[in-house]
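Hi everyone, thanks for coming.

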Amino acid sequence: MSTSTPRPPSNSTPAVDSPSSASIAESWTAFRSRVRGGDLGAIPVVVGLAIIWTVFQILNPTFLSSANLVNLAMQSAALGTIALGVVLVLLLAQIDLSVGSLSGLAAAILAVTFTQLNWPLPLAIVAALAAGALFGWFYGFLLTRFGVPSFVITLAGLLGVLGLQLWVLGRLGSINIPFDSWVVQFAQLMFLPAWLSYVLAGLATLGYVGSHLSLANRRLRAGLLPEPRTTILLRGALMIVALMFGAWYLNTDRGIGLMFLLFVLLVIAMDFALKRTRWGRSIYAVGGNVEAARRSGIRVDRVYISVFMVSAMLATLGGVLAASRLAAANQSSGGGDTNLTAIAAAVIGGASLFGGRGSAWSALLGIVVIQSISSGLTLLSLDSSVRYMVTGAVLLLAVIIDSLSRRSRALHGRF
Amino acid sequence: MTAVSPTTSEDEPILSLRGMNKSFGAIQALVDVSLDIYPGEVVAIVGDNGAGKSTLVKILAGVHPATSGTITHYGDEVTLANPTDSRDLGIATVFQDLALCDNLDVVANLFLGRELGLRALDEVEMEQRTWELLRQLSAKIPSVRTPVAGLSGGQRQTVAIARSLIGNPSIVVLDEPTAALGVAQTAEVLNLIEHLRERGHGIVLVSHNMADVQAVADRVVVLRLGRNNGDFAVADVTYEDIIAAITGATDNAVTRRATLQGAIFTRAKEGLSS
């Protein structure tokens, strides 16, 4: 917890400003004071991404080609889904080290139940997700009942679940998922038709502008300071231009993969759940001050357990997507660097390791940064030794920025 | 015991505690303690360290149920077995550590655990009610949308007190509200306490600071070694009398003589102001 800076009590700010109007200049000033106070939001990661893209584009002109960006989006979806779950756990100032193993287990369950036991595909997917929910519940139970640190619980989970994955796979060790099954088609070949991508871009912008305008109206009627209409319209205009251009550019190649769209929709849904529901509010509260949350009547145990369940289910969903994209599950599914990449993505995207800070968008931004580095270095024909080192350096940089902005926030008396 | 002056309030007490005992194992934290809380009155609970002030606060908050004793709420006997009982009876407690979430803004902290809205949170309604409440308290908060970590100590105390009022309680218990504050911020909080009294809440103020107590309290209840050691109307009691009751200087003739000579005052004052 940060220390608050006592402000001179002679602070003559009137207790209640009767809200009248706010100009763009005012919101710009507010934004600048926020940034100076260390509340950087998504700025470092967006700037970082711009630098990474520029550098790789200079080094290899195919980096920003639509073909490569389409691939980048597709590669981001599975790991990004796992990272989304990690963001949730980090918001509680906990950690789940077993997300990689869980995704591997999900891949194994999907492959075995679908190809060997001939279960219908939806049932196989539900089984994989149910395994995640079960493990998530178990982690949460151990954490809340016995007070074992989640680091240790999930470290044990990492090993145990990996063992379970190998056991489920059996002696074969590697199982192919038929190419003509719809999961594989979905993950590899299904793209949004061009017209639909433009329609969706338009609808998303309309939805954004409409909801913000109606909120501004409600606030005005309630006598509160509304967001200026010009700001909303300006943002809407930027949004439609960016979305339309992005869609058009990707459509010059294969287009927007349905799997990537699914990931983005998950991020949007999670953003809503975190910001606009009691559950989300209680997650931030527990991450900020557990004792305060408990005393205000929040069922802290339930928050922990539900978050670990949702996070583990997202990990297994990520495993299902990864297996579908690979059209196979094997002993190394979810192994290697899956775990740490997912956690690194969440942190790079701006989820604080100290809990209580971050948003669902952290997962999207973080995974795009990591996959950009990976894709850029691959295009330069550098092998994975360099990739690991560069990713490690970027992660370190992200954590340093987090710590620095934390210190600056403390200095300016912000959390 | 000491001279107990009758309370000035003619109303029926909201809450009456009679013969409260609380023991932690072999330690008797409270012995036969009584307390009345009247609407629109600030009752200060003072006492030295270990006098049982915090224990009494925790009984009121429902955190530690009393071992024995009767509690009556407008004449009806009630139990305070857990925090929910306490909240349901309209007792709101502001603990010394405030229990705020630094990463959440003022609105979120005020409504934590009882957010408004059917499915999605109704931020507009919550923000409106926050401003309303802060206006009623004449509280100085620059923005209700900044994380509370950005507020000064006095403002944080204000937020914690405002939060206790969300459920419209009949009694507000404040545990050492000014202990960590500077002079001006203390004044802010004392003003706030007077506002609460004007609104008709019964207020229990636990404090070490005699100046604060004499500034806002109507009645002072002194605890000493877990027992009642005096119940004074602030208007007709001197600082020295209260100190004497706190330190036990009035316990017997010998110490009373010493009290008159002033020897113990100085020591007690030094001890208390540290």
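Before going on, some housekeeping. This is a predicted model, where local features need pLDDT of at least 70, side-chain atom pairs count only at pLDDT 80 or more, and totals for chains, interfaces and linings use all residues. Residues are numbered from 1 along each chain as its sequence is written, while chains are lettered from A and ligands numbered from 1 in the order in which they are written.

Back to the strands. β1 of chain B, residues 15-24, runs antiparallel to β2(B), and seven bridges join them. Strands here are DSSP E runs of at least two residues, helices are H or I runs of at least four, and both are numbered from the N terminus. Two strands pair if DSSP finds at least two bridges between them.

Zooming out, chain B has an open, antiparallel sheet of four strands, ordered β2-β1-β4-β5. At its edges sit β2 (27-37) and β5 (76-78) of chain B, each pairing on one side only.

Now for the other chain. The contact takes 35 residues from chain B and 35 residues from chain A; contact here means C-beta atoms, placed from the backbone, within 7 Å. On the side of chain B that touches chain A, α4 (123-136), α5 (153-164) and α6 (183-198) of chain B each supply at least two residues. Of these, α4(B) gives the most, with six residues.

How values were computed:
Two residues are in contact if their C-beta atoms, placed from the backbone, lie within 7 Å.
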